Amino acid sequence: MKQTSGFFVLPGGFDVNKFAGELKGLAPVFDAPTTARVFNLLDCHDQSLRADGRLLLEANGKLHLLQSDGDMLIQDSGKARFVQDLPRGPVRDALVEFPKLRALMGIGAGTMESSGFAVLDDLQKTQVRGSILSLTSDNGQVTLVHVQPMRGYDRAFQSVCSTLQGMTSGTPGFEPVFQTLFPDTVPYNAKPEVQLGKKEPSIEVAVDIIRTFLAVARQNEAGVIADIDTEFLHDYRVSLRRIRSVLSLFKGVFSPKQTDALKREFSDLMAPTGRVRDLDVYLLEKDIYFNLLPPDLHPGVQAMFEQFEKERTKALTSLSKRFRSATYERQMSDLSKLFSDSKGLEPGPNAKRGAYDYACALIWKRYRKVCKLARSITPDTPDEIVHDLRIDCKKLRYLMEFFAPLFDKGDFKTLIKPLKKLQDNLGLFNDYSVQQEALHAFVAAQSNAQGRANAQLAMSVGGLIAVLDQRQKAERERVIANFQHFDSPDIQNLFRTLFHHKED
């Protein structure tokens, strides 16, 4: 296959003599390099661009997006932290799929020099053009070479590409840039897969999962403190929630006394994060709230969000102080040490039960509970019952994700898809309910001694509550409809085939 364009990542500096020596009948001519300038390599905490085979550099107020197909897009960087807030330009357009809740952040820094070159034939005709970008950090140096074909000179172009390919390390894409310049930037994964064995004792499975998600939680602490984006706290909380689910769902794996103690400890870790997360959610949905109401009610909503922003600043300051405290560090270190293996843990009656058999029993029991509850849901069912269904679906999803490595990926995908859709509906139902309660509480908190709230504020919040109530009712109907898909004969049969064993 012919090479059409692209970047070649070479280790170290560009060996001009080697490059020229490999080209037969062609001679490269190089421009003088630019003055070295500082660059920052940008990505989000998830390193989405890295995973997508792209590289984003910021230098001298410009963004340079290097793409795997050989394009390099350039535009002004501005001062925005989120892609959607960047100045209009080709880089922002190319990053339209970038996670909207994730901020761009510096992954590493160094210096860069750039230059161009032409490859001439013996008649001094230019047959290939190229550019060179040399990147240097405290850890090493790489050179990115990009070449473009000239019409009618395909043979020369292929010769240059072949020569450059021979000078690379052999690792495809931009991964050598990370490995050489920033070797400590390990890609972050909010849901790492924990490798399990079918006969692995259930206590070892529990320890492996808890240890894994403790590490994930700790990877988010610095981002919470720095207030880079709201996803750091979200991922921190989800990681601890998964740990609490293990303690709750893996019944009989640890002794009752230790299980209760660990539940309390992780609950105490979660508690101080709740208000900050609630306020994050409200502020993220600020535009949605404004769009729900006519313009004459916007002033009251604006006043409400100004109060939320002040409260969030105060709550985040308190949480960050806690994360930086010696007490918190000691507590997290002790937990990490406790779950480094199973030796310091008190086994329960199910501790030695094999992972596969235990998984089947747990998932089948939880699945049946979900179905029994969901089949009873009607338009008149109290909200509390619908909330219980949401929690049971979440527990079923966690169990299936924990034990996924023991089962066929295709089968699990078939089961997870309708479950996730049902969870999305239940999540929105819950959000609308929680938001209405929060708005009622907010108005009450703003009321004077006689119980009267600011009229403008009360009108705005009252309008929001009415709209949210209608949306909640509509979402309940969707919960009932989408459960029918999850409860189809095919899904029932697959659950039964995978998890329902006679001994259960």
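**Figure 1. Asn 482 is buried in a helix pair.** Asn 482 has a relative accessible area of 10% and is therefore buried (buried means under 20% relative accessible area, exposed over 50%, partly exposed in between, with a 1.4 Å probe and protein chains only). Asn 482 belongs to helix α17 (helices are DSSP runs of H or I with at least four residues, strands are runs of E with at least two, and both are numbered from the N terminus). Setting aside residues up to four places away in sequence, Asn 482 touches Lys 421, Leu 422 and Asn 425 (contact means heavy atoms within 4.5 Å). This is a predicted model, in which local features need pLDDT of at least 70, side-chain atom pairs count only at pLDDT 80 or more, and totals for chains, interfaces and linings use all residues. Residues are numbered from 1 along each chain as its sequence is written, and side-chain values use heavy atoms, with hydrogens and water left out.

**Figure 2. Helices α16 and α17 cross.** Helix α16 covers residues 409-446 and helix α17 covers residues 455-486. Their axes come within 9 Å and cross at roughly 160°. That angle makes α16 roughly antiparallel to α17 (angles under 35 degrees count as roughly parallel, over 145 as roughly antiparallel, 65 to 115 as roughly perpendicular and the rest as oblique). Axes are lines fitted to C-alpha atoms, for helices over the stretch in contact, and angles run from 0 to 180 degrees between N-to-C directions. The α16 and α17 crossing is left-handed (the near helix is turned anticlockwise from the far one by less than a right angle; clockwise would be right-handed).

**Figure 3. Gln 423 sits in helix α16.** Gln 423 is part of helix α16. Its relative accessibility is 15%, so Gln 423 counts as buried. Neighbours within four places in sequence aside, Gln 423 is in contact with Cys 393, Lys 394 and Arg 397.

**Figure 4. Helix α6 is largely enclosed by the rest of the structure.** Helix α6 runs over residues 202-218. At 1.5 Å a residue, its 17 residues should span 24 Å, and its end C-alpha atoms are 24 Å apart, which agrees (the expected span is 1.5 Å times one less than the number of residues). Twelve of the 17 residues of α6 are buried. Among them are Ile 203, Val 205, Asp 208, Phe 213 and Leu 214. The buried residues of α6 pack against α7 (221-226), α8 (231-249), α9 (256-270), α13 (326-338), α14 (355-374) and α15 (383-403).

**Figure 5. Helices α9 and α13 pack at an angle of about 140°.** Their axes lie 12 Å apart. The two helices, α9 and α13, are therefore oblique to each other. The crossing of α9 and α13 is left-handed. On the α9 side, Leu 262, Glu 265, Phe 266 and Leu 269 take part. They meet Tyr 328, Gln 331, Met 332, Leu 335 and Leu 338 of α13.

Figure 6. A disulfide is a pair of cysteine sulfur atoms within 2.5 Å. The cysteine sulfur closest to that of Cys 371 belongs to Cys 393, 8.7 Å away and too far for a bond. Cys 371 is buried, with a relative accessible area of 2%. Cys 161 has 4% relative accessibility and so counts as buried.

**Figure 7. Two loop residues have positive phi.** Asn 60, although not a glycine, has a positive phi of about 55°. Asn 60 lies in the loop between β4 (55-59) and β5 (62-66). Its relative accessible area is 61%, so Asn 60 is exposed. Gln 124 is also a residue other than glycine, with a positive phi near 65°. The loop that holds Gln 124 runs between β7 (105-120) and β8 (126-137). Gln 124 is exposed, with a relative accessible area of 58%.

**Figure 8. Lys 24 lies in the loop between α1 (16-22) and β2 (27-30).** With 67% relative accessibility, Lys 24 counts as exposed. Lys 24 and Val 160 are 136 residues apart along the chain, and their C-alpha atoms are separated by 9.8 Å.

**Figure 9. The whole protein gives the setting for the close-ups.** The protein has 18 helices and nine strands. Its C-alpha atoms fill a box of roughly 85 × 65 × 50 Å, taken along the principal axes. Of its 504 residues, 48% count as buried. Among contacts with a separation of 6 or more, 71% are between residues 24 or more positions apart.
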